[in-house]
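Subject: Structure handover

Hello,

Here is the structure I said I would pass on. My notes on it follow below.

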Amino acid sequence: MLQNPVQVRLEKFEPWQQITFMACLCERMYPNYAMFCENTEFAHARVYRDILDSVWEQLTVKTAKVNFEHQLEKLEEIIPNSEDFDMYAVYPAIDACVALSTLLHGLLDRDYLFENMLEVSQISVTTVAQLEEAQTGEE
């Protein structure tokens, strides 16, 4: 299977770097979720923020104990359904949640961390591409 140069570099990442990379991408997607929440009053963006902060805590505080199954349960409660909203912003918000969910799944099962990292990366790229399409009307 041919890989792009970014994938080749990502393959060399240590697990902590893979987690950090995914957390950074989730950080990048957080404003999409926060804006959606602000405009719809669907949920409190603070819940997403707190879950993501727990990942950073796990990465930076050696003694941190985080129950990622519980964090995943909290996240599942704040994922919007695209059928409930007639606005484009719901899609980047969903992408942000799916990316964070994928990160949490990676933390729960480290055997698939690399695959999860590639998935989060692809979600991020797709979100940006779809925004560009929505704004310009061009693929």
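Which side chains meet Arg49 or Asp53 in a salt bridge, and what is the N to O distance? The side chains of Arg49 and Asp53 meet each other, at 2.8 Å from N to O. A salt bridge here is a side-chain nitrogen of Lys or Arg within 4 Å of a carboxyl oxygen of Asp or Glu.

This is a predicted model, in which local features need pLDDT of at least 70 and side-chain atom pairs count only at pLDDT 80 or more, while totals for chains, interfaces and linings use all residues. Residues are numbered from 1 along each chain as its sequence is written, and side-chain values use heavy atoms, without hydrogens and water.

The structure holds 4 salt bridges. Arg49 and Asp53 both lie in helix H3, 4 residues apart, or about one turn of the helix. Helices are DSSP runs (H or I, at least four residues), numbered from the N terminus.

Arg49 also forms a salt bridge with Glu27, at 2.5 Å from N to O. That pair links distant parts of the chain: Arg49 is in helix H3 (residues 45-60) and Glu27 in helix H2 (residues 15-40), 22 residues apart. Arg49 is buried, at 13% relative accessible area, whereas Glu27 is partly exposed at 25%. Buried means under 20% relative accessible area, exposed over 50%, and partly exposed in between (1.4 Å probe, protein chains only).

In another salt bridge, the closest N and O atoms of Arg46 and Asp50 are 2.9 Å apart. Glu27, Arg46, Arg49, Asp50 and Asp53 are linked in a network of salt bridges.

Regards

Conventions: Helix = DSSP H or I, 4+ residues; strand = E, 2+ residues; numbered from the N terminus.
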